[in-house]
Amino acid sequence: MADNESRMEKTVNALKEEYNTIRTGRASASIFDKVRVDYYGTPTPLAQVGTISIPEARMVVISPFDKSLISDIEKAIQKAELGLNPSNDGKVIRIAIPPLTADRRKELVKQAKATAENYRTTIRNIRRDGNDDLKKQQKAGEITEDQLKTETDKLQKLTDKYIDEINKVYEAKEKEIMD
């Protein structure tokens, strides 16, 4: 039971991390979490080749540790298809975060909803695995039929709790996108 709960908890945390990478019209360093820069032939996370700062609500400034990487960082941001246009002055890269259009907001909400549904499915799969384990234990004589019923009910309550949590995370993200 504890193993199932920890797997469900990790699933919810993974959803939160994935939602951090969805752009909401405000500048955020987490938008760039999935951006990989070709650093001497190795795809390296952007945060490891430069400092990402947010001087204003709609502005991101990236200061590379190695100035020769400026063009590589620009290319990596463009390849990541974030809908952003980086510009550099030779020392730093500035990225203005454009306000989201109504269509883009709806598209992002759809994307967030699909992501939430994938994570709900993951939670249900964990429940199914747990139920299968309980049935095997009952067949092996390790637990009684009453214990099986009790544990199955506990597992269902746990599943409901984490699906509610995913719904709350999704609703918060939807509100953030639509604001």
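**Figure 1. The largest nonpolar core of the predicted model.** This core holds 21 residues. Met 8, Tyr 19 and Ile 166 have the most contacts inside it. The structure shown is a predicted model. Three helices, α1 (2–20), α3 (102–139) and α4 (145–178), each supply at least two of the core residues. The biggest share comes from α4, with 8 residues. In soluble globular proteins, nonpolar side chains tend to be buried together.

Figure 2. Tyr 19 belongs to helix α1. Is Tyr 19 buried or exposed? Its relative accessible area is 3%, so Tyr 19 is buried; the cut-off for buried is under 20%. Ser 6 lies 13 residues from Tyr 19 along the chain. The C-alpha atoms of Ser 6 and Tyr 19 are 20 Å apart.

**Figure 3. Packing of α1 against α3.** Two packed helices are described by the angle between their axes and the distance between the axes. Here the axes of α1 and α3 come within 10 Å. They cross at roughly 170°. Angles over 145 degrees count as roughly antiparallel, and α1 and α3 are therefore roughly antiparallel to each other. On the α1 side, the contact uses Asn 4, Arg 7, Met 8, Thr 11, Ala 14, Leu 15, Glu 18 and Tyr 19. On the α3 side, the contributors include Ala 112, Lys 113, Thr 115, Ala 116, Tyr 119 and Thr 122. Further along α3, they include Ile 123, Ile 126, Arg 127, Asp 129 and Gly 130. What kinds of residues make up the contact of α1 with α3? They divide into 9 nonpolar, 5 polar and 5 charged.

Figure 4. An open sheet is formed by 4 strands in the order β3-β4-β6-β5. Their pairing is antiparallel. Which strands sit at the edges? They are β3 (50–56) and β5 (86–88), each pairing on one side only. From one strand to the next, the twist averages 25°. Helix α2 (residues 70–79) packs on the sheet. This helix touches β4, β5 and β6 (93–96). The direction of α2 makes about 170° with that of β5.

Figure 5. Strands of a sheet pair through backbone hydrogen bonds, either parallel or antiparallel. In this view, β3 and β4 (residues 59–64) run antiparallel. How many bridges join β3 to β4? There are 5. The two strands form a hairpin with 2 residues between them. Gly 50 stands opposite Pro 64 in β4. Ile 52 faces Ile 62 of β4 across the pair.

**Figure 6. Tyr 40 in its loop.** Tyr 40 lies between β1 (36–39) and β2 (42–45), in the loop that links them. Most residues other than glycine have a negative phi. Tyr 40 is not a glycine, yet has a positive phi of about 50°. Is its side buried or exposed? Tyr 40 counts as exposed because its relative accessibility is 65%; exposed means over 50%.

Conventions. Residues numbered from 1 in each chain as written. Predicted model: local features only at pLDDT ≥ 70, side-chain atom pairs only at ≥ 80, totals over all residues. Heavy atoms only, no water. Core = buried A, V, L, I, M, F, W, Y, C linked by side-chain atoms within 4.5 Å. Buried < 20%, exposed > 50% of the residue type's maximum accessible area, 1.4 Å probe, protein only. Axes fitted to C-alpha atoms, helices over the stretch in contact; angles between N-to-C directions. Parallel < 35°, antiparallel > 145°, perpendicular 65-115°, else oblique. Contact = heavy atoms within 4.5 Å. Nonpolar A, V, L, I, M, F, W, Y, C, P; charged D, E, K, R; others polar. Pairing = 2+ DSSP bridges.
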